Structure formats: structure tokens, C-alpha cells
Amino acid sequence: QVQLVESGGGLVQAGGSLRLSCAASGGTFSLWRMGWFRQAPGKEREFVAAIWWGSGSTNYGDSVKGRFTISRDNAKNTVYLQMNSLKPEDTAVYYCATAVTPTINYDYWGQGTQVTVSS
């Protein structure tokens with residue numbers, strides 16, 4: 001069982017930056033891929049970014065490419081999402097998730113952290 005706790009959300013003006021953190025605990029030896037997703041009110045959940053725990057390879061959703069950066073700290077079992085040049089449309093609840101097997105599915109999810117970008 002893996003537990004994920006997100007932090008770092010808040011209110012920021014358009015053009016500003018925030019860094020989200022997601023700390024994993026429990027079965028961290030089995031981490032394979034970690035990702036960030038977001039969901040705005042009335043919209044479907046959207047993929048933001050993913051990082052493969054072993055290789056460090058990354059993947060991004062089209063709407064955040066060039067503005068967001070996902071990274072990891074293996075020693076701390078923590079993944080980060082650096083968000084720059086934020087736009088009002090980035091406003092959402094951001095969720096961290098992890099996959100412990102090499103499939104497209106994510107097995108565990110955090111509780112989410114609110115990001116609000118004002119215009």
C-alpha cells in the first residue's frame with residue numbers, strides 16, 4: 001500500500017509560479033511511474049505530467065508543455081511539479097498518482113491540492 005500526500009497548492013496571479021510536491025510512503029520500493037493529473041470544476045480529469053521512477057524519463061500533456069516540469073527525488077520518495085507561466089485555465093485540483101506495475105493504469109492517488117490562478 002502506497003500513500004501519497006500532495007502539498008504546495010495555493011493562489012497565484014497569472015504569469016506566476018508554484019511548485020507542487022507529492023511525498024510517497026508505504027510500499028515505495030515498488031514505485032514504477034508517478035504522475036500528476038488535474039481536474040477543474042465541470043471538466044474531466046486531465047493528464048498533466050509523468051515521470052518514470054527508475055529512468056527519470058518524462059512525459060507531458062500538450063497544454064503544459066514548455067511551462068511545467070516534473071522531477072523526482074529518489075532519496076525522499078518525492079515527486080515535484082514546477083509550474084511556471086501559470087494561466088487562469090490552469091486552475092484545478094491537482095492530484096498525484098503512482099503506478100507500481102508497468103501498465104497504463106495508476107494504482108494509488110493522493111487527496112489533491114487546489115491551485116487557483118487569478119487573472
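The following questions and answers look at the strands and the disulfide of one predicted model.

In this predicted model, local features need pLDDT of at least 70 and side-chain atom pairs count only at pLDDT 80 or more, while totals for chains, interfaces and linings use all residues. Residues are numbered from 1 along each chain as its sequence is written, and side-chain values use heavy atoms, with hydrogens and water left out.

Trainee: In what order do the four strands of the open sheet stand?
Mentor: Strands here are DSSP runs of E with at least two residues, numbered from the N terminus, and two of them pair if DSSP finds at least two bridges between them. The edge strands, each pairing on one side only, are S1 (2-7) and S7 (68-73). Between neighbours the pairing is antiparallel, and the order is S1-S3-S8-S7.

Trainee: Over how many bridges do strand S3 and strand S8 pair?
Mentor: Strand S3 covers residues 18-26 and strand S8 covers residues 78-83. One place to look is Arg19, which stands opposite Gln82 in S8. The two strands pair in the antiparallel sense, and the number of bridges is six.

Trainee: Which cysteines form the disulfide, and how far apart are their sulfur atoms?
Mentor: A disulfide is a pair of cysteine sulfur atoms within 2.5 Å, and the structure holds one. The pair links distant parts of the chain, with one cysteine in strand S3 and the other in strand S9 (residues 92-99), 74 residues apart. The partners are Cys22 and Cys96, and their sulfur atoms lie 2.0 Å apart.

Trainee: Are Cys22 and Cys96 buried or exposed?
Mentor: With a 1.4 Å probe and protein chains only, buried means under 20% relative accessible area, exposed means over 50%, and partly exposed lies in between. Cys22 has a relative accessible area of 0%, and for Cys96 the value is 0%. Cys22 is therefore buried, and Cys96 is therefore buried.

Trainee: Why is the disulfide of Cys22 and Cys96 called left-handed?
Mentor: The handedness is read from the torsion about the S-S bond of Cys22 and Cys96. The disulfide is left-handed because that torsion is about -75 degrees.

Trainee: Which residues make up the covered face of strand S11?
Mentor: Strand S11 spans residues 113-118, and its uncovered face holds Gln114, Thr116 and Ser118. Strand S2 (residues 10-13) pairs with S11 in the parallel sense over four bridges, with Val117 as the bridge partner of Val12, whereas S9 runs antiparallel to S11 and is joined to it by three bridges. The covered face consists of Thr113, Val115 and Val117.
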